[in-house]
Amino acid sequence: MRFMRFALFDTNKTSEVAAASDRVWASPPEGIKILASYICQGIAFSGAPPNTMVAIQIIEAESNEAMAATTYPIALTGATIWNVPVMELPVGGAAEEEKKYRK
């Protein structure tokens with residue numbers, strides 16, 4: 001299953017969060033992989049506290065245990081993390097997908 005992982009952290013914690021993330025993804029547990037990673041260069045959403053960094057990753061996880069093994073070490077550095085399940089839609093094919101799930 002694919003997830004968008006949002007990690008919010010104070011800019012003062014950037015080096016700790018980056019180090020923990022590097023350790024986690026250098027040898028991730030079986031059943032999870034990172035597909036893409038981004039850092040927002042502006043305000044990611046309304047209401048974000050000042051001096052907050054927002055990292056967004058697209059991950060594929062087979063189990064909650066695998067996701068927890070990559071989430072927990074980063075959360076211990078002070079990052080707030082949300083894993084949001086997402087479904088991939090074909091470009092230009094959203095209406096067909098909608099009909100499929102309407103039934």
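Guide: We will go from the whole chain down to single residues. Keep in mind that this is a predicted model.

Visitor: How many helices and strands does the protein chain have?

Guide: Start with the parts list. The protein chain has 3 helices and 4 strands. Then read their order along the sequence. Here the pattern is β-α-β-β-α-β-α.

Visitor: What box do the C-alpha atoms fill?

Guide: Take the box along the principal axes. For this protein chain it is roughly 50 × 35 × 20 Å. The accessible surface is about 7,000 Å². Carbon and sulfur atoms account for 57% of that surface. Of the 103 residues, 28% are buried.

Visitor: In what order do the strands stand in the sheet?

Guide: The 4 strands form an open sheet in the order 2-3-1-4, and the pairing is antiparallel. Strand 2 (32–39) and strand 4 stand at the edges. Each has a single partner strand, so one side of each has no neighbour in the sheet. From one strand to the next, the twist averages 20 degrees.

Visitor: How many bridges join strand 1 to its partners?

Guide: Count bridges pair by pair. Strand 1 (residues 2–10) and strand 3 (residues 52–61) pair over 9 bridges. Strand 1 and strand 4 are joined by 7 bridges. Both pairs are antiparallel. Now find residues that face each other. In strand 3, Phe6 has Ile56 opposite, and Phe3 has Ile59 opposite. On the strand 4 side, Arg2 has Val86 as its bridge partner.

Visitor: Which strands does helix 2 lie across?

Guide: Look for a helix laid over the sheet. Helix 2 (residues 64–75) lies across strand 1, strand 2, strand 3 and strand 4. Its direction is at about 155 degrees to strand 4.

Visitor: Is Gln57 buried or exposed?

Guide: Under 20% counts as buried. Gln57 lies in strand 3. Its value is 9%, so Gln57 is buried. Next, list what surrounds it. Leaving out residues up to four places away in sequence, Gln57 touches Phe3, Met4, Arg5, Ser21, Trp25, Ile34, Ala36 and Ser37.

Visitor: Where is Thr11, and what is it in contact with?

Guide: Thr11 sits in the loop between strand 1 and helix 1 (14–26). Thr11 is partly exposed, at 33% relative accessible area. Beyond its neighbours within four places in sequence, Thr11 is in contact with Asn51, Thr52 and Met53. Compare sequence with space here. Thr11 and Thr52 are 41 residues apart in sequence, and their C-alpha atoms are 5.7 Å apart.

Visitor: What share of contacts in the whole chain join residues at least 24 apart?

Guide: Take the contacts between residues at least 6 apart in sequence. In this protein chain, 76% of them join residues at least 24 apart.

Visitor: Which residues make the nonpolar surface patch?

Guide: Phe45, Trp82, Val84 and Val86 make a patch of about 320 Å². Take Val84 as one example. Val84 belongs to strand 4 (residues 80–86). With a relative accessible area of 35%, Val84 is partly exposed.

Notes. Residues numbered from 1 in each chain as written. Predicted model: local features only at pLDDT ≥ 70, side-chain atom pairs only at ≥ 80, totals over all residues. Heavy atoms only, no water. Patch = residues over 30% accessible without salt bridge, like charges linked within 9 Å, V, L, I, M, F, W, Y side chains within 5 Å. Areas by Shrake-Rupley, 256 points an atom, 1.4 Å probe, with all protein chains shown as cover. Salt bridge = Lys/Arg side-chain N within 4 Å of Asp/Glu carboxyl O. Helix = DSSP H or I, 4+ residues; strand = E, 2+ residues; numbered from the N terminus. Buried < 20%, exposed > 50% of the residue type's maximum accessible area, 1.4 Å probe, protein only. Pairing = 2+ DSSP bridges. Axes fitted to C-alpha atoms, helices over the stretch in contact; angles between N-to-C directions. Contact = heavy atoms within 4.5 Å.
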